[in-house]
Amino acid sequence: MSQSRYNNIPGRVPAVDTSKIYYASITGVLDFDKIIITDMQRLDTIAGNRYGDSQYWWVIAAASGICWGLQVPAGTVIRIPRSLRAELRLVA
């Protein structure tokens, strides 16, 4: 079976069960910071600032229960997991 040409698109959410991250964030298993999105903020830039790599925007989106999150409306409360390692272990 061949690999899809869409697998390596930058910003594409990997094929993992991100609901585990969301569940862990709402049950208190994961530590996170809450922030309110202001105008012109994007999850990829927040991920770049927090984790040093903007490709992990989907971790913030998953923890916050957002399906598509590069641009979210101002006033949206998001959860930013403190430890990227723990979240990636949940979906491995």
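In the predicted model, Asp33 is partly exposed, with a relative accessible area of 23%. This residue takes part in a salt bridge with Arg82, in which N and O are 2.8 Å apart. Arg82 belongs to the loop between strand 2 (77-81) and helix 4, whereas Asp33 belongs to strand 1, so the pair ties together parts that are 49 residues apart in sequence. Arg82 itself is exposed, at 52% relative accessible area.

Asp33 also forms a salt bridge with Arg50, and here the closest N and O atoms are 2.9 Å apart. Because Arg50 lies in helix 2 and Asp33 in strand 1, this pair ties together parts separated by 17 residues in sequence. Arg50 has a relative accessibility of 40% and therefore counts as partly exposed.

The structure holds three salt bridges. Another of them joins the side chains of Arg42 and Asp44, with a distance of 2.7 Å from N to O. Arg42 is partly exposed at 29% relative accessibility, while Asp44 is buried at 14%. Salt bridges with shared partners join Asp33, Arg50 and Arg82 into one network. In general, side chains of opposite charge can pair when their charged atoms come close.

The chain contains four helices and two strands, and its elements follow the order α-β-α-α-β-α from the N terminus. Of its 92 residues, 33% count as buried. Strand 1 covers residues 32-36 and includes Lys34. Lys34 has a relative accessible area of 56%, which means that this residue is exposed. The C-alpha atoms of Lys34 and Val77 lie 6.6 Å apart in space, although the two residues are 43 positions apart in sequence.

The loop between strand 1 and helix 2 (43-51) contains Met40. Most residues other than glycine have a negative phi. Met40 is not a glycine, yet its phi is positive, at about 70°. With 78% relative accessibility, Met40 counts as exposed.

Packed helices are described by the angle between their axes and the distance between the axes. Helix 1 and helix 4 (residues 84-91) pack at an angle of about 125°, and their axes are 8 Å apart. Helix 1 is therefore oblique to helix 4. The crossing of these two helices is right-handed.

Helix 1 spans residues 19-26 and includes Tyr23. Tyr23 counts as exposed because its relative accessibility is 56%. Together with Tyr22 and Ile26, Tyr23 makes a nonpolar surface patch of about 320 Å².

Notes
Residues numbered from 1 in each chain as written. Predicted model: local features only at pLDDT ≥ 70, side-chain atom pairs only at ≥ 80, totals over all residues. Heavy atoms only, no water. Patch = residues over 30% accessible without salt bridge, like charges linked within 9 Å, V, L, I, M, F, W, Y side chains within 5 Å. Areas by Shrake-Rupley, 256 points an atom, 1.4 Å probe, with all protein chains shown as cover. Salt bridge = Lys/Arg side-chain N within 4 Å of Asp/Glu carboxyl O. Buried < 20%, exposed > 50% of the residue type's maximum accessible area, 1.4 Å probe, protein only. Axes fitted to C-alpha atoms, helices over the stretch in contact; angles between N-to-C directions. Parallel < 35°, antiparallel > 145°, perpendicular 65-115°, else oblique. Left-handed = near helix turned anticlockwise from the far one by under 90°.
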